[in-house]
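Reader: Could you take me slowly through how to read strands, burial and recorded sites in a protein model?

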Amino acid sequence: MDKNKTSSSHQHQPVLLREVIQALAIRRDGIYIDGTFGRGGHAQAILAALSSEGRLLGVDKDPAAIAAGHALAQKDGRFTIVQASIGDLARVVSERGWLRKINGALFDLGVSSPQLENAERGFSFLQDGPLDMRMNPAVGQSAAEWLANAKEKEIAEVLRVYGEERYCRRIARAIIQARGLNSLTRTKQLAEVVAKAIPRWERRIHPATRSFQAIRIFINHELEELRAALEQALAALAVKGRLAVISFHSLEDRIVKRFFREKARGEDLPLDLPVMQEDFQQASLKVLGKPIWPVPEEIAHNPRARSARLRVAEKQTY
C-alpha cells in the first residue's frame, strides 16, 4: 500500500511527522517546500515551526489538494500553493526568485488516503469506480484509455518494471482477452481480471496490488518525475539546506538511495588525471544517518505506515 494516512480522510494523519520536522532542522525564518502537499499535514507542522518571516510553498498536481491548499493559504499568509508536478520544481522555484535559497524540501511520495478513499479517482481495487488513476484528472490519458489500446507486450512490461509483478505476462494476456469481450472501464473489472489471472495468491496482499501500483506509476510518470525532482531540489537548496524524502516501495526508495549516494560521493575522475579528487569536485550532498522507519506505535495506529521510510540529506556545496 502506498502513502500512509489514516483510514479516514477526515482524520488526516501525515506519516513520520515528528521525524520529518526533526530531519528538516527548520530555521524559523527559512524558506521551505512541501513538494507533495496532499492535505497539508506536514505543511501545517512546518508552518508551526516558522516565524512570521518564514515561508512555505506547497506543490501538488491533485485538484482536491490544491483546493485544500488554497484554504490554508487564506488563513496563513506565509503559505502559497501551486498546481504543478514535482518534476517542474525548478520553474516554480525560479519564478519566485528562490533558487539556491530553499532551506528545506520534503517529498512524501505515492498516493494518499483521500485519493484511495475516493472511488471516483480510480486508484483503489477495493472500491468500484472509474478506471482513471490520474493524479490530475485534467491531464493525460486515464488508465482505462491506456489499457484499451496498449499491446500485450507493453502491458506486461509496465507490470514487470513498475510493479515487479512475477505474473506480468499472464495478467497482460488476461487483460487483452477481457477487453475483447467488454471495455475495461471500472476498477472492479480490472481487479477481478488480475485476480483470476494469478495462479497463487500471496498472504496478506490483494492480488491486484502490484498491477494497480504499476499502472498508476506509469500513467502518472511518477519515477521519471521523482528523478527530475531530486536534481531540481538539490539545485534549489541553499548550502546546508535539507532534502527529506518519504518513499513507500522499493522502486522509489532505490532511486532516492542511489541519488543520495552518488551526490554524496562526488564526481569520479580518471586515475591518471593529474589532480587530486578532493581538488576537483566536492560532494554536493551529505547523507544524514540511515533510513528512518515508523515506530511500532505509529504502525499500530496507522497500519498503512508500515512501508514508509524517510531518507534525509544536506546540501554541502553549490
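**Strand pairing and burial**

Author: Six is written here as a count of bridges: 6 bridges join strand 4 (residues 102-108) to strand 5, and these strands run parallel. Strands (E, at least two residues) are DSSP runs numbered from the N terminus, and two strands pair if DSSP finds at least two bridges between them. This is a predicted model, in which local features need pLDDT of at least 70, side-chain atom pairs count only at pLDDT 80 or more, and totals for chains, interfaces and linings use all residues.

Reader: Which residues stand opposite Arg242 of strand 5, in strand 4 and in strand 7?

Author: Gly104 stands opposite Arg242, and Glu314 is the bridge partner of Arg242 in strand 7. Strand 7 (residues 309-315) is joined to strand 5 by 6 bridges, and the two run antiparallel.

Reader: Why is strand 5 described as largely enclosed?

Author: Buried means under 20% relative accessible area, exposed over 50%, and partly exposed in between (1.4 Å probe, protein chains only). In strand 5 (residues 237-247), 9 of the 11 residues are buried, so the strand is largely enclosed by the rest of the structure.

Reader: Where is Asp60 found, and is Asp60 buried or exposed?

Author: Asp60 is found in strand 2 (residues 55-60) and is buried, with a relative accessible area of 13%. Contact means heavy atoms within 4.5 Å, and, leaving aside residues up to four places away in sequence, Asp60 touches several residues, including Thr36, Phe37 and Val82.

Methods: Residues are numbered from 1 along each chain as its sequence is written. Side-chain values use heavy atoms; hydrogens and water are left out. Helices (H or I, at least four residues) and strands (E, at least two) are DSSP runs, numbered from the N terminus.
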